[in-house]
Amino acid sequence: MTKIKTRYRRVVMAAMLANLVLGSPAVAGEKADLDRELAALHTGSHVPGFCVIMFDASHTIYENGFGFADLAARRPYTINTVQPIGSISKTLIGVALMKGVERGWFKLDDDVNTILPFPVRNPGFPDRPITLRQLATHTSGIVDREAVYAAGYRPGDRNPLRIDALLKDYFSKDGKSYSKRNFAATAPGSTYAYSNIGATLAAYAVELKAGESYADFTRKTILLPLGMTHSGWTDAETGPDHATLYDEKVKPYPPYILATYPDGGLRTSCTDLARFVTAVLKGRAGEDGVLKAADVAAMLSPEFTAGATPAGRSAKEPNQGIFWQHRREGTIGHFGGDPGVTTFMGIDPKTNVGRIVLVNIGGEEALRAYGAELAAIWRAVLAHAPAVSPE
């Protein structure tokens, strides 16, 4: 089996996906038509397997799996196959932050130093606070230093689910990995710079206020209440039906974990992830649930106003909610990419329809080689609309 490539930049993956995926007008079609189109796309691709699910706030519109979760065993990829979902995991941090706001733990514009046990300040701007909102919109000025972040991809399947020591080392001046290069040369709030470590710091703020690990908090307050019984932060807690992950040569990756697991380490299936997104759809429709409807609206609302978009923001993703991205294709959601992982998730704000595609091949080189094939699958799903508008 191949080794995990240590030089892996999830921010590069996100940018590459955004460049590949262009908006498509939605067209009504029969489920059989989408079955045939996706089957044809799979047959003509290097993709081992994937699942697709489309749904509104009350029912499933379309679901199917294609290809194989494991090529050697010829085990089919189904809507219940579990795999990591990469940065779509960050949308869970968004919900966790809003749960903290509901519980009165903090406000999004609070200085993180009022929560953390160690100070976090950009050394170039020591008098400018870094806030939870900035972390959630990638405008904090925290930078993922590649050598440190890549070292967080570790072989094996046993994850201690501890993020405190890593963050303290990164942000405390006496920490092993502290450097001025951990921060941008611009003031907090002024520039967009996608940061996985910044996202993990937001999850740590939730962990501190909850008095338990971020993994335990999200399991108890989000995953299990939504019936996501095959979702979690380790392989051991998500059941036996796991996808094998493949590299650009369609060779299996060995198991690996993320030290910064909140930013991209959630394991889930199309079916389970749809339960999570459905809860958000219900909130958009005015129904209180995992979050109050007003807090769902606040989480998804665009944070950047006209004329005040931070420098560095891509035109492909022109706005940002609380860890939920507003994309030029017209959806609100997130992409995900990691070694052996490519994922798409989006809500159509006009129809309140959610769409998810999970694929078990990925990585920077895989995306360079097969990005057009992966994007074609997502475009086909985007282009399919229910024949009858959701109620």
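A: A residue is called buried when its relative accessible area is under 20%, exposed when that area is over 50%, and partly exposed in between, as found with a 1.4 Å probe on protein chains only. The model is a predicted one, in which local features need pLDDT of at least 70 and side-chain atom pairs count only at pLDDT 80 or more, while totals for chains, interfaces and linings use all residues. Residues are numbered from 1 along each chain as its sequence is written, and side-chain values use heavy atoms, with hydrogens and water left out.

By the burial rule, both Cys-51 and Cys-270 are buried. These two residues form a disulfide, with their sulfur atoms 2.2 Å apart, where a disulfide is defined as a pair of cysteine sulfur atoms within 2.5 Å. The link of Cys-51 and Cys-270 is right-handed, with 90° about the S-S bond. Because Cys-51 lies in strand 2 (residues 49-55) and Cys-270 in helix 9 (residues 270-284), the pair ties together parts that are 219 residues apart in sequence. Helices (H or I, at least four residues) and strands (E, at least two) are DSSP runs, numbered from the N terminus. The count of disulfides comes to 1.

Side chains of opposite charge can also pair when their charged atoms come close. A salt bridge is counted when a side-chain nitrogen of Lys or Arg lies within 4 Å of a carboxyl oxygen of Asp or Glu, and the structure holds 14 of them. One of these joins Asp-109 and Arg-133, at 2.7 Å from N to O. This pair links distant parts of the chain, since Asp-109 sits in the loop between helix 3 (90-102) and helix 4 (132-136), whereas Arg-133 is in helix 4, 24 residues apart.

Arg-133 also forms a salt bridge with Glu-303, the closest N and O atoms being 3.2 Å apart. Glu-303 lies in the loop between helix 10 (293-300) and strand 9 (319-320), and Arg-133 in helix 4, so this pair ties together parts that are 170 residues apart in sequence. Arg-133 is partly exposed at 24% relative accessibility, and Glu-303 is partly exposed at 22%. Salt bridges that share partners join Asp-109, Arg-133 and Glu-303 into one network.

Another salt bridge brings together the side chains of Asp-33 and Arg-36, at 2.5 Å from N to O. Both residues lie in helix 2 (residues 31-43), 3 residues apart, which is about one turn of the helix. Asp-33 is partly exposed at 38% relative accessibility, whereas Arg-36 is exposed, with a relative accessible area of 54%.
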